[in-house]
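Please keep the structure open while reading.

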Amino acid sequence: MEKKQIPYKIYLQENELPKQWYNVRADMKNKPAPLLNPGTGQPLTLDELSPIFCEELCRQELDNDTAFFDIPAEILDFYKMYRPSPLVRAYFLEKALGTPAHIYYKFEGNNTSGSHKLNSAIAQAYYAKKQGLKGVTTETGAGQWGTAMSMACAYFGLDCHVFMVKCSYEQKPFRREVMRTYGAQVTPSPSMTTNVGRKLLEEFPDTTGSLGCAISEAVEAAVSNEGYRYVLGSVLNQVLLHQTVIGLETKAALDKYGIKPDIIIGCAGGGSNLGGLVSPFVGEMLRGEADYRIIAVEPASCPSFTRGKFAYDFCDTGMICPLAKMYTLGSQFIPSANHAGGLRFHGMSTILSQLYHDGLMEAVAVEQTSVFEAAEMFARIEGTLPAPESSHAIRVAIDEALKCKETGEEKTIVFGLTGTGYFDLKAYESFNDGTMTDVIPSDEDIAASLARLPEVRIR
Ligand SMILES: *Cc1c(COP(=O)(O)O)cnc(C)c1O
């Protein structure tokens, strides 16, 4: 049979788009461990979760058995504005590398927020609206999640209150203005509007904030205001579920041309884009239908998978959030100032943690200067200016393609290009100026942080 010529961009027609999200937990024999109430050490129940999160989202969070969730029509309508995202055959990159490998990337930066985070933001806003809430509260570090949530809330006419880590608030005024343009209220954290914030400012008046503190403030604002709930942009099972739209589209596009990937690569911060991309493929592995190499890429400055411990830990620095069993560096671990803000989380999705623990995934840690070398090369050859986070996946895709060049193997490599880097030009500046450094935590640093993991006895 003659092989179909594969176009530079594989698009799906509207009738080929996924109508359901896929819950990989349904096919996992070893389910991810449940979230625990830090007070009681017992698995969190729907009743305990629902004062914090929207009720439907709590159900999704706790459901380990339902394989498919219908995507509500209102969300499918919103997805039409920027989906399907293109699956691109990186012909130019292949040629530049001189590799026999076939490289594809799924590009999620094709919307104003500039990343995949909008896929879950719109779902979370929809369920908040459907529950009759007035609005939501959240935190943002680098700003991508806050932007995505602002857009989603504007669409459904919800209030959106974003606590933005103070140093980002000051360093990234343009991110802040995008959020305000979409109607969000943006407060630098720590702030005087919450107990947590006031207490911290009293103790440390000059603090520039942290993600952990912003989370604590956003949760407090949600539970103390009638008609508000808290939303989170990664790590949670529900977020990973919504992000499976990435993997389902990727699989549909590949199937259309009879392409079977050998290697699937994604960057891993809290694990939502990677989990979303690989879920349908991992499902096939779990059901014994296919085999793939799956590679998570993390920064060497925050190596949760490769140097962390699989244990129960707090999801936040403030130690008020639930305990999750995950690969963690310890909730008190402070990663050095890596420019990929979206990858500076001490823990990891419980789903991906379990899959990694069970040998279904590999992980590699890469240093940021080599990441930016790959980012620069990609920008010049494929045209798109990648986000620093996404560039971790580019780095390893290039490395794998170069291995194929040595061995002459014609492997098919797919990677997730999660977003664009227009708000990260400070990072590009330090790379271009030659002032970027690689800071890798010592074994002692990590051991000290892991020594402070909470003691959990599961009753
Ligand atoms: C937030 C973010 C990430 C990392 O988050 P995950 O939940 O691990 O996907 C990666 N890339 C971009 C562009 C981001 O904004």
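**Cysteines**

The structure holds 0 disulfides, a disulfide being a pair of cysteine sulfur atoms within 2.5 Å. This is a predicted model: local features need pLDDT of at least 70, side-chain atom pairs count only at pLDDT 80 or more, and totals for chains, interfaces and linings use all residues. Residues are numbered from 1 along each chain as its sequence is written, and side-chain values use heavy atoms, with hydrogens and water left out.

- C153 is in no disulfide; its nearest cysteine sulfur, that of C160, is 4.1 Å away.
- C153 is buried, with a relative accessible area of 1%. Buried means under 20% relative accessible area, exposed over 50%, partly exposed in between (1.4 Å probe, protein chains only).
- For C302, the closest cysteine sulfur is in C267, 13 Å away, too far for a bond.
- C302 is also buried, at a relative accessible area of 2%.

**Nonpolar cores**

- The largest nonpolar core has 75 residues, and W21, M149, F305 and M361 touch the most other members. Such a core is a set of buried Ala, Val, Leu, Ile, Met, Phe, Trp, Tyr and Cys residues joined through side-chain atoms within 4.5 Å.
- Helix α5 (residues 118–130) supplies the largest share of this core, 8 residues. Helices (H or I, at least four residues) and strands (E, at least two) are DSSP runs, numbered from the N terminus.
- Another core, of 33 residues, lies apart from it; V396, A397, C404 and F415 are among its members.
- Leaving aside neighbours within four places in sequence, F305 is in contact (heavy atoms within 4.5 Å) with residues including A268, Y327, L352, Y356 and M361.

**Helix pair α9 and α10**

- Helix α9 (residues 195–203) and helix α10 (residues 211–223) pack at an angle of about 140 degrees, with axes 8 Å apart. Axes are lines fitted to C-alpha atoms, for helices over the stretch in contact, and angles run from 0 to 180 degrees between N-to-C directions.
- That angle makes α9 oblique to α10. Angles under 35 degrees count as roughly parallel, over 145 as roughly antiparallel, 65 to 115 as roughly perpendicular and the rest as oblique.
- N195, V196, G197 and L200 of α9 meet C213, S216, E217 and E220 of α10.

**Loop residue S301**

- S301 sits in the loop between β11 (293–299) and α13 (304–307).
- S301 is buried, with a relative accessible area of 5%.
- Beyond neighbours within four places in sequence, S301 is in contact with F333, P335, S336, N338, V439 and P441.
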